Each structure stands twice: as C-alpha cells, then as structure tokens.
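The sequence and coordinates are shown first.

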Amino acid sequence: MKKTIEEINRKIEEGCVCVVTAEEMKEIVEELGEEKAAKEVDVVTTGTFGAMCSSGVFMNFGHSDPPIKMQRVWLNDVEAYTGIAAVDAYLGVTQLSESRGMEYGGAHVIEDLVGGKEVELRAEAYGTDCYPRKKLVTEIALEDLNQAVMVNPRNAYQRYKAATNSSDRILRTYMGTLLPNFGNVTFAGCGEISPLNNDPEYRTIGIGTRIFLCGAKGYVIGEGTQHAPPFGTLMVKGDLKEMKPEFMKAIVMPGYGVTMMLGIGIPIPILDEEIARSTAIRDDQIVTEIIDFGVPRRDRPVVRKVTYAELKSGKVEINGEEVRVSPLSSYYMAKKVMEELKRMIERGEFFLTQPVERIPTKGKLKPMREKGIKVVKSVMTKAVTIPPDTSIEEASRIITQKNVNHLPVVDENGVLVGIVTSWDIAKAVATGKLGRVSDVMTRKVITATPDEPIESAARKMEQYNISALPVVDAKRRVLGMVTSEDLSKLLARW
Amino acid sequence: MLLLLKFDSKTIKKPIISTATLETKALINILRANVGARRGEMVVEVDDSKAKEVEEVFRRFGVEVIELKDAVVKDEEKCVHCGLCISICPVEVFRFDENWKVVADTEKCIHCGVCTRVCPCNALSLPIHSL
C-alpha cells in the first residue's frame, strides 16, 4: 500500500499523523517488519548537528544616504563578499576577523546577530555618480536588515572520512586535535539518524524539500558541492531571522580556524515499504574509512575501513592497538533536532513537500586540475655527505671548500645517521671540542622525500626552524639536499 | 590531594621530593613535571591524610605549594556535547552519559590542561592553569 504526501499533510492538519524519530523507527521496523511499519508510520524525522564550514548568509543592508556601492564590507571586522549589487553581501562562516584572528569569525557574527546583538558594519567604496559615498560605519542588528538568508553550498554530509595521525607530532586540523602515533580517531556525522543515510536513493529528499534549518523552516535547493554518494551533500537555504540560537553554534577548531555547527532536520515521508526499509538503517551498515592526516597530501592513505557503530562505541582497533574515538558532531543535539521537528509536525506547524526535482544519486569528486605540482626532486641539490668518524677539523674544511652549510652524516651504506651544520662545527671549535662529528651531530634528522611537494618541505623547515632537509629514499639513503635557498630561488623564478 | 609545586632557582637543585617522603613516609606520585635549570613546576598526588605534613616540608624548603582542589570546569552553557575532549584526555575524565551528553568525572583530573586547548566551544577551563 502506498501513501502520498497530500494524504500525510491532511493527517497533519487533522492532528492524527504518526511521526516517529529515526531512532524510534529502527525499533519499530525491527518489531513490526517493514510492511506494518510503513502502514503505521507516516513520517520519520532525521537530524544532524555538526560543523558545516560551507555555510553563510546573504544580507541586504538597505541604502544609506548618500548611497554607497560597497566595494568592501566588514561586520565586526570580518570581511563579507560584496562583489554583487550595491548593498548585498555574503558572509561566510569561516572568514576570520581582521583584528582578532582565529578567535572570532563569520560564524560568530551570525551567532551574535541571531542572539539579538548589534554588530558594526563598515564599508568602503570607490564612489560613482549614482553611489557617491566612499566610507560608511554604523551599527546594525538582525531586524535592521531587509533580508538575511542563510544559503549553504554544502551541508548535511551523509557520511564522512574519519581521521587519525601516524606522524610523531600533534596535528591541529578541521577534524579536531589529532594526537601523534595514532593517539586518537575523530569522526563527523551522526550515522543512522543522519538525514541522507535514511533516504540514500533521494526518493523523498530533493529540490524543494522543506527542512528544519537551525530552528527555522528551510529548503533543499539542490545537491551540495562535492556531492558524491554515498558521501552525499545538500545545498540548503533558510531565513536567518527565524532561526534559534540553540540550534547553531560558532566554534573554533584550535589551530585550524572558525566554523559553525548547524542543526539540520529532514522529515522523511513513509510512502511505501521501501522507504520504511531505508529508514531502518543501522550504524553497523554505514561504512566509512579512517584516513591518515599524518600525510599532508590530498590523497591521504586509508588506514582501515570502519562502521559508524564501531566509531560510536568509542574505541577502534588500529594495527592491533585500541585507539580512543571522539565524535565532532553532537549526537545529543542531533536528537534534539529530530525531536523538535517531530513536535512541530505533530502540532501541525510543519507540512511536508513534494520535491520539484530529483537530486542525482551519483556523483564524483574530481581533484583540482593543476599545472605540474613542483616536488622536492626538481629542486634538490647534490648532498655532500661524510662518515660519522670524520674529524671536526676535516668537516670544517669540507664546509668551506664546498661552500655548504649542511653535511648529512651517513653510514657505510649511505644511510642517514645524523647531520652537522656549519653552526655545530663553529660551536665545537669555539668550545674546544675537537673530536669526531658523531659527537656533535644531530641524530634526529628532519627529512624530505623526492616526491614530496615543495610546500610540504617548506612547511617542515618553518616548523622546525631549520634551513635544509636531506632528501632520503624509503631506506633513508641520502639522495640529495633541499635548502631554503633552493626554494627561494624557485620563488624568484615564478 | 593534588598539589601544584613551584620551584625557584634555589629549590630546583635540592632533592625535596625524596626528603619529604623520607621525613613523612608519605607516598608521593608525580603526575606532571616540567623542570628546567632555573625553575620548575610539578603536580604531585599525596594521600589526603598526609597532605598537610608533606606540604609543610615543601614550604620549609621554600617551595610554593598550591592545593589543586578545583579540577577542570565544564561550562554547561557553552558545551554542545560533541565529545571531542573524550579521546584527548589522558585519564578519561570525559564520557557520554546515556543521553549522549558529555559528563566529566572531575575527581580523575590531573590538571594537564590539554582539553582546554582542544575544546572548539571554549567550554573547558582550569581554575589554576598549571604547566
């Protein structure tokens, strides 16, 4: 037996609709089976609450007197994009404050506006005959704006890659703080209660679907950017003026930047058995991968496959060791979202819509088309290596003769065992330590690989405050050197 | 009882921890230590019944002693219960309750402060931020 959206909406109007949360639906299908569950239940509410960087708000400020065509605009010192009409702007959640840096950003401005606070609006312009004004500073509140429409290019990820870190240092990422040596795992998404996992074929979620967006009624306006099912995404919009502060949260990922956690709920009409079955999905059927952020490349290695059930258990196994897991999304708030949406439908305040267009069920995430990536191999120079038993005097002679600052120390197989710099040698001479280089060399050497992008090598030098890296192969045999001078020469050529 | 000890350039050179143990027979567990050439800080755990006696020895040597009574504080207004702190805390202070709310068993806290630098909501703080 099949139902229609009109029938369900009539039931909502009459106050006899049966709405359950996605969490409750799993139990119901298990107990009654799909057929009976499809008959009994009319709507399943789903929810998610997590960081969604690809979000922001279109604003129209109204015209000043004399009028201005804003060329650049800032709200509490956070720049918004105004390369559109005179007093329209788009404020993205991740944009940082120009004076406060990482502690305040676009998300905080939006949170302040929704919280009823006034923010400083500052604009500059070049001035035209029709828009003569060149500077403007004022205070505005949400109610002063003609429109404030949240339009988010990519929200509600169906599932997401979990993160870990094989390197030997702490990484501060958009996936949170990752401890060294596989010290922890973090993951995003709410698994079995997340909207898109409950309608993976996009039968009911499409363009025009009415949704719960941060406490307001919003709409799906298309597939999100990077939509690639089963890593599907949505583009959504909603009226900021109707949103509630409790369903949004400006956050700072330490060392990464500002973003915003949003609460999104989507009602799924149970039109037939097949939809009932898809809303019965469990965390152990939702598979993702744990990837290694220790490798600073686009294609990060997959450490292992994992289900959301394993991730939510709080512990996963990596290389035979138990590793603790943290979510980044708030399951507690996601439950609040789907319960609130359930109440709204039961009270007759929220009606369902028929999508006007389907969202593609397939998609591919392409990498960026780039001009050849510069790798270390193309800039490295020949290394002057020495054995560990070289005397300090001999090393100082080599440094002056060969005009180098770094001497990698290698064993009889060419394997790197240490490094001495001209500074180490000068210091040894100054303090009268005229022994072997093995006495003064640095043993823990920071290295580069031939296929590493030069940006990555430059970042290592900056991080460790050093000016050269030996380039080594997989067996740590020295192939060459890359120095900060080599990199600056390259920049000069560009 | 957790004690935060602050050593200056004089006290840093003396074997004060072992002296305190020998004098009081108290077992002193060093939880964190950051000892340099001219000064140092240490967080130690001492049984409550011996705490006063041990503190006296430390003070006699000129070590500054601060009793760490207040552990990490979670601001319930700011916390959204994501759980990012859970896998970061070395002594597992944080966990989810049955409603997926993050709760803190603060008596386990060793005042390392790692969680305060990780929380995206800035909801965690230490009353006396040590080390």
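How many residues does the contact take from chain B and from chain A? The contact takes 16 residues from chain B and 24 residues from chain A, where two residues are in contact if their C-beta atoms, placed from the backbone, lie within 7 Å. On the side of chain B that touches chain A, the residues divide into nine nonpolar, five polar and two charged; Ala, Val, Leu, Ile, Met, Phe, Trp, Tyr, Cys and Pro count as nonpolar, Asp, Glu, Lys and Arg as charged, and the others, Gly among them, as polar.

This is a predicted model, in which local features need pLDDT of at least 70 and side-chain atom pairs count only at pLDDT 80 or more, while totals for chains, interfaces and linings use all residues. Residues are numbered from 1 along each chain as its sequence is written, and chains are lettered from A and ligands numbered from 1 in the order in which they are written.

**Domains of chain A**

Chain A is assigned domain 1 (5-53 + 151-346), domain 2 (62-145) and domain 3 (376-493), with bounds that come from an automatic or database domain assignment. The C-alpha centres of domain 1 and domain 2 of chain A lie 32 Å apart. Their contact takes twelve residues from domain 1 of chain A and 14 residues from domain 2 of chain A. On the domain 1 side, strand 19 (248-253) and strand 20 (257-269) of chain A each supply at least two residues; helices (H or I, at least four residues) and strands (E, at least two) are DSSP runs, numbered from the N terminus. Strand 20 of chain A gives the largest share of that side, four residues. The residues of the domain 1 side divide into nine nonpolar, two polar and one charged.

**Nonpolar cores**

The largest nonpolar core has 141 residues, and those with the most contacts inside it are L91(A), I110(A), M260(A), V337(A) and C85(B). Such a core is a set of buried Ala, Val, Leu, Ile, Met, Phe, Trp, Tyr and Cys residues joined through C-beta atoms within 7 Å. A residue is buried if 20 or more other C-beta atoms lie within 10 Å of its own, exposed if 12 or fewer, and partly exposed in between, with C-beta atoms placed from the backbone. Helix 6 (residues 331-346) of chain A contributes the largest share of this core, nine residues. Apart from this core lies another, of 27 residues, among them M380(A), A383(A), I399(A) and V482(A). Leaving aside neighbours within four places in sequence, C85(B) is in contact with F94(B), V102(B), C115(B), V118(B), C119(B) and L124(B).

In helix 8 (residues 422-430) of chain A, D424(A), I425(A) and A428(A) are buried. Seen down the helix axis, these buried residues fall within an arc of 95°, so they line one face of helix 8 of chain A; the arc is that of the directions from the helix axis to the C-beta atoms. The face turned away from the buried side carries the exposed residues W423(A), A426(A), K427(A) and A430(A). The cover over the buried residues includes helix 7 (392-402), strand 26 (416-421) and helix 9 (437-440) of chain A. After helix 8 of chain A comes G432(A), whose phi is positive, near 75°.

V409(A) is found in strand 25 (residues 406-410) of chain A. V409(A) is buried, with 25 other C-beta atoms within 10 Å. Leaving aside neighbours within four places in sequence, its contacts include I386(A), V417(A), V437(A) and M441(A). V409(A) and M441(A) are 32 residues apart in sequence and 7.9 Å apart in space, C-alpha to C-alpha.

**Chain B and backbone features**

Chain B has two helices and eight strands. Buried residues make up 30% of its 131 residues, and its C-alpha trace spans about 50 × 30 × 20 Å along the principal axes.

| Peptide bond | Omega |
|---|---|
| D65(A) to P66(A), cis | near -5° |
| P229(A) to P230(A), cis | near 5° |

In chain B, H81(B) has a positive phi of about 65° although it is not a glycine. H81(B) is buried, with 24 other C-beta atoms within 10 Å, whereas N122(B), with 15 such atoms, is partly exposed. Phi of N122(B) is near 55°.
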